[in-house]
There are 2 protein chains.
Amino acid sequence: MFQRVCVLLLALGSVLGAQGPARRNVTLIVTGGTVVAMDAGGRVLSPGAVAIDGRDIVAVDAPAAIAAGFSAAETIDATGQVIMPGLINTHTHAPMVLFRGLADDLALMDWLQKYIFPAEARTVSPEFVRVGTALAALEMIESGTTTYADMYYFEEEIGRVTRAAGLRGVLGETIIQFPVPDARTPAEGLARTETFIKEFAGDDLITPAIAPHAMYTLDTATLKAIRAMADRLHAPVITHLAETADEVKTSMQRHKLTPTQYLDSIHFWGPRTLAAHAVKLTPADIRILARRGVGISHNPESNMKLASGTAKVVEMRRAGLAVGLGTDGAASNNDLDMFEAMRQAAFLHKLQTGDPRAIPARTALAMATIDGARALGMDALIGSLEPGKRADLITVSMTAARQTPMYDPLSHLVYVTRGDDVRTTIVNGKVLMRDRKVLTLDEADVLRDARAMAARVSEAVRKQ
Amino acid sequence: MFQRVCVLLLALGSVLGAQGPARRNVTLIVTGGTVVAMDAGGRVLSPGAVAIDGRDIVAVDAPAAIAAGFSAAETIDATGQVIMPGLINTHTHAPMVLFRGLADDLALMDWLQKYIFPAEARTVSPEFVRVGTALAALEMIESGTTTYADMYYFEEEIGRVTRAAGLRGVLGETIIQFPVPDARTPAEGLARTETFIKEFAGDDLITPAIAPHAMYTLDTATLKAIRAMADRLHAPVITHLAETADEVKTSMQRHKLTPTQYLDSIHFWGPRTLAAHAVKLTPADIRILARRGVGISHNPESNMKLASGTAKVVEMRRAGLAVGLGTDGAASNNDLDMFEAMRQAAFLHKLQTGDPRAIPARTALAMATIDGARALGMDALIGSLEPGKRADLITVSMTAARQTPMYDPLSHLVYVTRGDDVRTTIVNGKVLMRDRKVLTLDEADVLRDARAMAARVSEAVRKQ
């Protein structure tokens, strides 16, 4: 009762304005929704509110307490919605949205050799990358992703478009042994990467990274050079790992070691290193990755659609690995919706372990937020709603027929929600989408440019 | 060239109105979208149009040809959309939408015994069933389902609400050995079923059916009585089959036969019989079901979430079985979105067969439309856009960022589309939803009633 009176008084104070102690001026308050904080305590406030000043979260509390303590330049009413950390997509190839649905349902080699490789060889250019990244950024903002990890070509273009769109990115310039659109040799790739990393050094949104494509597409000398450069420039490393049985076979033939063991033998692993897919791991591999503090990106939809296999997520989590979620590029998924990735992670591991308790809703949500942040080595900054962290958050509508009734917001976020339910996307304290209107990109322009580029892609595939 | 001139003349004729031969008056034309007919020829018309008179499709052709041949009281412009057959959900328990998200991530027996059974025992009533079915109907209309197969209690209430909402239903009154909310004994259940079947005899939308729950929850005498009644009243039969390993174990212990073999031994199988789940089948079981002409409902999401296992869909299709898709009840999925069921069917069987060519997009679409119609014995009436069939169709938006660019509409329908993209839902020639506004149900009333009923469910679960 005493508490209720206090809340009432606080609320009254906020309405009357001047009665209480002086309120701190902040830039933005998001209030009235159910706050799912994804902090260590698993806090859920219904209703709750978040006060944001500049780029940071300054308080997470009941609406009345926030109203009593803070005066905001702007307030977003999230009644009927969930307020939660922005989603972290730990693996994608942003510009490949321009190849989505170009070719599906094919054997991997047909898909790569008849469609993706010819299309990439003939169309990937700085312009292609700009147009594709703008489309990917639009889709990510619209579906509640606030941070993404990327690996592609012309990554500096991706960095510029991502920064302009207002998204947070850990962006890796791809290094690969054979000639690619932005580098004829790995040495050229390394030189480009150094320039790229220096361009974005200290950037508030973009963390430049090095992205060695995979152990089977790079020789030992290049892999060692990449590790040395990463250490020298304090840059994160992103790589594909053990995605398919073929990769493991190649590694065993070449090195008599699994991909994980081989990379360990050349001292490639380290913290701030992200391994994407990690489908075909042995228990010994998992121990190595845990010991080296490597982050994992699990991509359930891509692994299913390409028939790669099922990553041992339950075992990896048990070994203490930070396992985030990713969509993979839209050529192999075919979208960037992290809500689908969550649902798929929950569904897939229940099925494969035979245990419906595996990967419950809260775990799937953690993988898409705080565990993704841990996998990227950024959990001090993002992944949960806590004072002092960056203000990367979303509000998600919960009132559709398919979301009615609601007994548990966490269940609904994973099992019946889609990216389209996101109403507000905020990164670094800046509102990127309000009531589903994206503010940092012109949607019509982005879609028009993407369709024009797609016409060139169709032409390129036809010509081969 | 000649053809082009003709089309031009026809189009001109349609504009000028009186010049061409007399146009047939029809009730509705849907035009301008990409028609994905799902007929035997796999026809895709881009753009295309469908002419509807009363409850039937009278023509599927290019927009100019339709405009030249028909004059409609109402025209729906589907530019930028796909026009396709309405989706057929071959397995659900409609009122269980009221239990969605009530309890997830539990072992099956905990889920049933601590939540679903107590909640059902204390809340399932005619009113509960009416409120739940209205919510389910709203969700189905909004997500493009035009026909659904159901099994629950008080099925006559489900029939009345479904008919009022304008949906097509194959609705099975559940028969089970133990006391349930609408019958204390199987004999009482059978008597109710006969009354129910007679109430809806000859109905244009509702096909009343008998739904023996499963072989392990019914004795042989009751199963035989059900088959006899189905034959006498010419009613379809819907049952769960081989959903879990436990069911198979029970059957082997009781009868030294698999569930399929046991039901065959008592002459239970026949055409117009639908078996839901069919997860744990032997090759011999598949041969029996194929020989008896039994339809199959595959429920990939439910089977994953409840960790039941993976149905042998590729093998069943190869054996000639009609395999439709279902969502299962929303207590175990947790929604009724058939686009997710399609995507999941494609993803799951690629993964489990290790072959990315398994269940391509066109097959997933067929399972959700014409094969679902075959599984229900209704393929002469629904499941594809062909003259003479009932006008059950939907239009689906294809212009979102996540659907851009579009190389292949079939790929996009399966891999990047959701129920929320459906713009128009038409059943039996009647528009049930136009521009996402449902016309046959008051959305606010349905949601309010559902929330009130959910409060009672929460109370019932708390009290146990």
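**Chat notes on a predicted two-chain model**

Modeller: Before anything else, this is a predicted model. A place to start is strand β14 of chain A, residues 295-298. G295(A) and S297(A) point one way from the strand, I296(A) and H298(A) point the other way, and all are buried.

Biologist: OK, and how does strand β13 of chain A pair with β14(A), parallel or antiparallel?

Modeller: Parallel, with three bridges between β13(A), residues 273-277, and β14(A). L274(A) is the residue that stands opposite G295(A).

Biologist: Let's do the sheets, then. What's the strand order in the open sheet of four strands in chain A?

Modeller: The order is β5-β4-β1-β6, and the pairing is mixed. At the edges you have β5 (56-61) and β6 (70-77) of chain A, each pairing on one side only. On average, neighbouring strands there are turned by 25° against each other, ignoring direction.

Biologist: How many bridges hold β1 and β4 of chain A together?

Modeller: Four, and the two strands run antiparallel; β1(A) covers residues 24-31 and β4(A) covers 49-53.

Biologist: Which way do β2(A) and β3(A) run relative to each other?

Modeller: Antiparallel, joined by two bridges. V35(A) sits opposite L45(A) of β3(A) there.

Biologist: Is M38(A) buried or exposed?

Modeller: Buried, because M38(A) has 24 other C-beta atoms within 10 Å, and the cut-off for buried is 20 or more.

Biologist: What about D435(B), where does that one lie?

Modeller: In the loop between β16 (430-434) and β17 (437-438) of chain B. D435(B) also has a positive phi, near 50°. D435(B) is exposed, though, with 8 other C-beta atoms within 10 Å.

Biologist: Which residues does the cis peptide bond with omega near -5° join in chain B?

Modeller: T404(B) and P405(B). P405(B) lies in the loop between β14 (393-397) and α16 (409-415) of chain B. A cis bond also joins N333(B) and N334(B), with omega about 25°. N334(B) is in the loop between β13 (323-325) and α13 (338-353) of chain B.

Biologist: Switching to helices. How far does α17 of chain A reach?

Modeller: 31 Å from its first C-alpha to its last, for 21 residues (443-463), close to the 30 Å expected at 1.5 Å a residue.

Biologist: And which residues of α17(A) are buried?

Modeller: V446(A), A450(A), M453(A), A454(A) and V457(A). They cover an arc of only 120° around the axis, so they lie on the same side of α17(A). An α-helix has 3.6 residues a turn, so residues three or four places apart point the same way.

Biologist: What covers those buried residues of α17(A)?

Modeller: The cover includes α3 (108-123) and α4 (126-142) of chain A. On the other side of α17(A) there are exposed residues, among them D445(A), E459(A), R462(A) and K463(A).

Biologist: How about α4(B), how many of its residues are buried?

Modeller: 14 of its 17, so α4(B) is mostly covered. The helix reaches 24 Å, close to the 24 Å expected. Just after α4(B), G144(B) takes a positive phi of about 90°.

Biologist: Last topic, the contact. How many residues come from chain A and from chain B?

Modeller: 51 residues from chain B and 51 residues from chain A. On the chain B side, α4 (126-142), α11 (300-305), α13, α16 and α17 (443-463) each supply at least two residues. α17(B) gives the most, with six residues.

Biologist: How do the residues on the side of chain B that touches chain A divide into nonpolar, polar and charged?

Modeller: 25 nonpolar, eight polar and 18 charged.

Note on methods
Residues numbered from 1 in each chain as written. Chains lettered and ligands numbered in written order. Predicted model: local features only at pLDDT ≥ 70, side-chain atom pairs only at ≥ 80, totals over all residues. Expected span 1.5 Å × (residues − 1). Buried ≥ 20, exposed ≤ 12 C-beta atoms within 10 Å, placed from the backbone. Arc of directions from axis to C-beta. Contact = placed C-beta atoms within 7 Å. Nonpolar A, V, L, I, M, F, W, Y, C, P; charged D, E, K, R; others polar. Pairing = 2+ DSSP bridges. Axes fitted to C-alpha atoms, helices over the stretch in contact; angles between N-to-C directions.
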